[in-house]
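Start with the sequence and the structure, then read on.

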Amino acid sequence: MAEVKPGGQAASELSEAAQSELLELCEEQFAQLEKLQNEIILSEPDFCENPQEQSVNRLMATEAELKQWLTVEPKLLAANSEVLLQAGKEEMLKLCSELEMVVSCYEAKRDKLRETKELEEKWLEEKKQVLTAASDHVEQLQMEKEKLSEHSVLQDTKEKIQKMKVYQERLMESLGDVLEKHVPLPQNENSTNKKKNMELGLNEDLISLNEILEVLMNKVLNAPHDPYVTIDNTFWPPYVEMLLRYGIAVRHQENNFKIRLETFF
């Protein structure tokens, strides 16, 4: 697109007659401008007057002039078609240059919006993938939940209870082996020592320490509201004293012949 040419170059493209007419028109407009300027200077009031009143008068004069100019129909400065054509070309070239700047700005803005759009589409695609993965995971969990029926849950609970019972039995067997090895029953199976056992106060019906602990534990589990066990002839006193001394069992506060297993939790 052609650029705007300087005024001198544009004037040189006109004919001599058009240039002369344009110069005469410029001289006429300049003379009229000087005349109007002199009239304005002569019509200005003295600066010694009230500044506020002076401002109001100027405003009223400007408004009256504006109304007058609004009623005047615009007219051509020159009647020569060659001058008008050249002026129109210059205005069109100037307008095209401004439009090119506007187009350039909007193209830059368009490129920026396109880049932003691509980033937003990429972000949206990633979010869709995450949503799809989460939905698949939820669906899989829902299917697994439906497969777990009430029977399977009950069966699993029974298996856990059975494992706990087996584990408890092993613990009791291990405890019995330890007590049998380190704390044997104070009875002599030899019939020749029965008289000696009677002299030491040993009863043939004495139960082992393992059995005493088992009786105390069963009492706690079966009757937690009354966990005390009455001491009879089957309880060897040294065993009872050992349990009390080491804090494994405690006596009843009102009855010394009753003991219970100490609370360990």
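## Burial and overall build

A residue counts as buried when its relative accessible area is under 20%. By that cut-off, 13% of the 265 residues of the chain are buried. The model is predicted.

The chain has 8 helices and 3 strands. Read from the N terminus, their order is α-α-α-α-α-α-α-β-α-β-β. Contacts also reach along the sequence. Take those between residues at least 6 apart: 57% of them join residues at least 24 apart.

## Confidence

How does the chain score on pLDDT? Its average is 80. A score of at least 70 is reached by 81% of the residues.

Two stretches call for care. Over residues 1-8, pLDDT stays under 50. The model gives this stretch 7 contacts beyond four places in sequence. Residues 188-192 also stay under 50. Here the model has 2 contacts beyond four places in sequence. Where pLDDT is low, predicted coordinates should not be read in detail.

## The second largest pocket

Rolling a probe the size of a water molecule over the atoms shows where empty space is left. The second largest pocket has a volume of about 500 Å³. Its lining is made of 20 residues. Which of them lie nearest the centre? They are Met217, Asn218, Val220, Leu221 and Leu261.

Three elements each supply at least two lining residues: helix H5 (150-182), helix H7 (209-222) and strand S3 (258-261). H7 gives the most, with 7 residues. By residue type, the lining of this pocket divides into 13 nonpolar, 4 polar and 3 charged.

## Cysteines

A disulfide is a covalent bond between the sulfur atoms of two cysteines. How many disulfides does the structure hold? The count is 0.

Is Cys105 buried or exposed? Cys105 has a relative accessible area of 54%, so it counts as exposed. The cut-off for that class is over 50%. Cys26 has a relative accessibility of 44%, so it counts as partly exposed. That class lies between the buried and exposed cut-offs.

## In brief

In the second largest pocket, H7 is the main contributor to the lining.

Conventions
Residues numbered from 1 in each chain as written. Predicted model: local features only at pLDDT ≥ 70, side-chain atom pairs only at ≥ 80, totals over all residues. Heavy atoms only, no water. pLDDT = per-residue confidence, 0-100. Contact = heavy atoms within 4.5 Å. 1 Å grid on protein atoms, 1.4 Å probe; cavity = no way out; pocket = protein on both sides within 12 Å on 5 of 7 lines; lining within 4 Å. Points joined across faces, edges and corners; volume = space filled by probe spheres on them. Helix = DSSP H or I, 4+ residues; strand = E, 2+ residues; numbered from the N terminus. Nonpolar A, V, L, I, M, F, W, Y, C, P; charged D, E, K, R; others polar. Disulfide = S-S within 2.5 Å. Buried < 20%, exposed > 50% of the residue type's maximum accessible area, 1.4 Å probe, protein only.
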